Amino acid sequence: MRGIFGLVFVLALPFTSLDAQDRVPESPAEISLSFAPVVREAAPAVVNIYAKVVRPGRPSLFQDDPFFSDFFRNFGQSRPRVQNSLGSGVILTERGIVVSNYHVVGRATDIRVVLSDRREFSARVLLGDEESDLAILQLEDGDGLPFLELRDSDRVEVGELVLAIGNPFGVGQTVSSGIVSGLARTSSAAGNSRGYFIQTDAPINPGNSGGALVDIFGRLIGINTSILSRSGGSNGIGFAIPANLVAQFVEQAERGAVRFERPWAGIVGQVVASDLAESLGMEIPRGLLISDIHPASPFADRGFEIGDVITHVDGLEVNSPSELIFRMSVTGIGDDVRITRLRGRAMDDIEVVMITPPNVPPSDVFTLGNRALLPGLQVARINPMRIEEFQLPFSAEGVLVIEVGRIAARVGLKRGDVIFGLNGQRIETSDDLVQALARSGRHVQIELLRHNRRVVLRFWT
């Protein structure tokens, strides 16, 4: 009988509350009555964003030619075009700090934000990061605005009820419901192989980008960013950027940062699969095996070596490179994190300080002059900062191409190439490159590294 009465009590709970229509539900049982109280609490802080991007026109084929440029000044040249972008955003402070997706507002020249009560504000981007697909905006003259509380996204569990709020297809603010269907999603299916996402089956469609994923108490747990779909519509697999990363973006934006500072690990990690776990003597596959480590890495400074396995960061499991990047990204630069290391059968907790990739030795950007064989070619010394920026292998040697210039582009050089040889001469510095170009005859052969592949370019002058 006790079990029967207990069941009746739980089912009756939402109906025994006299003010259930006037407040946010206080338990999952109460939410079975209606989502309306949650929507009333959260929806005013979710905004529609209209962004305008001016794309440059296609340049004339003859604009850089010293002879034909005057004759064909406007031939083949198109006018700049205006591209409109529609998305959503979430107000996070009463002073008008708004978070959205970078792909919605990152390159916008004009941003207009419309609240659910039809008030409109101009906005500017404070901080944007294409890799994380997040952007922080400041509303002009925003004050006393509704905002959402950030929840600790590390405490979100699979199966929780969630609501997705946004502006799909531009039809107006829309709410859809579902559950958290997965955590720690890091696959390229989410559109970002380095990302870390919360997965939900709450319907998300174009225009929802930048909108809110909230729990049953109206707290923000993630920013809706992408879907897995072949048709362009929702198939029940949507991805949201966790709130903990959003919090770090807001903190850096309020400090005045203009670009997101992401801690640098300086290691290459490999997922520990079952066969690798067996060879390492592990009973259960887990963690991230260090397969390469840079001498300047903060992990190397604390004694980590190739062959060590990282299993946890601050007590939270890490099983992929993307998870490690995320765990480090939600930690502030200069802070220590507790890394759990497995070496052989010994497990240790080691404090590692979070640093940005050092610009040591100095990058020393150098631009070739107009009289050089490749005028305008801009190269730099390779160091940890450049390795992280261009995703180069730790073993890369030579000079890094920063800008190609007109002639170098014609012979096939690209931004991000690493030149390590020219006509059989080894290239280690910009001086080596300048001297090798000066001594080259009519035949030039450039050896370079491009996306971890060796490429040879040959041309005649």
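Trainee: What are we looking at, and how are residues numbered?

Mentor: It's a predicted model, where local features need pLDDT of at least 70, side-chain atom pairs count only at pLDDT 80 or more, and totals for chains, interfaces and linings use all residues. Residues are numbered from 1 along each chain as its sequence is written, and side-chain values use heavy atoms, with hydrogens and water left out.

Trainee: Okay, helix H4. What span should it have?

Mentor: H4 covers residues 243-254, and at 1.5 Å a residue its 12 residues should span 16 Å; the end C-alpha atoms are 16 Å apart, so that agrees. The expected span is 1.5 Å times one less than the number of residues. Helices here are DSSP runs of H or I with at least four residues, strands are E runs of at least two, and both are numbered from the N terminus.

Trainee: How many of its residues are buried?

Mentor: 9 of the 12, including Leu 245, Val 246, Phe 249 and Val 250. Buried means under 20% relative accessible area, exposed is over 50%, and partly exposed is in between, with a 1.4 Å probe and protein chains only.

Trainee: And what do those buried residues pack against?

Mentor: Strands E3 (97-100), E5 (120-129), E6 (134-139), E11 (220-227) and E12 (238-242), plus helix H7 (321-329). Contact means heavy atoms within 4.5 Å.

Trainee: You mentioned Phe 249. Which ring does it pair with?

Mentor: The structure holds 4 aromatic pairs. In one of them, the rings of Phe 249 and Phe 260 have centres 4.0 Å apart and planes at 5 degrees, so they count as stacked. Rings of Phe, Tyr and Trp (its six-membered ring) pair if their centres lie within 6.5 Å; planes under 30 degrees apart are stacked, over 60 edge-to-face, the rest tilted. Phe 260 sits in the loop between H4 and strand E13 (267-271), so the pair ties together parts 11 residues apart in sequence. Both Phe 249 and Phe 260 are buried.

Trainee: Switching topic: which strands close the barrel?

Mentor: There are 6, in the order E7-E8-E9-E12-E11-E10, with antiparallel pairing. The twist averages 45 degrees from one strand to the next. H4 packs on the sheet, touching E11 and E12, and its direction makes about 45 degrees with that of E12. Axes are lines fitted to C-alpha atoms, for helices over the stretch in contact, and angles run from 0 to 180 degrees between N-to-C directions.

Trainee: How many bridges join E10 and E11?

Mentor: 3, in the antiparallel sense, with E10 being residues 212-214; two strands pair if DSSP finds at least two bridges between them. Val 214 stands opposite Leu 220 in E11.

Trainee: Now Ser 100: buried or exposed?

Mentor: Buried, because its relative accessibility is 0%. Ser 100 is in strand E3, and its side chain reaches the backbone oxygen of Ser 88 at 2.7 Å. Leaving aside neighbours within four places in sequence, its contacts include Ile 49, Asp 133 and Ser 209.

Trainee: What's the phi of Asp 133?

Mentor: Near 60 degrees, a positive value in a residue other than glycine. Asp 133 is in the loop between E5 and E6 and counts as buried because its relative accessibility is 13%.

Trainee: And Asn 452: buried or exposed?

Mentor: Exposed, because its relative accessibility is 59%. Asn 452 has a positive phi of about 70 degrees, although it isn't a glycine.

Trainee: Last one: which peptide bond is cis?

Mentor: The one from Val 360 to Pro 361, with omega near -5 degrees.

Terms used
Polar contact = N/O pair within 3.5 Å; in protein donor to acceptor, adjacent residues only side chain to side chain.
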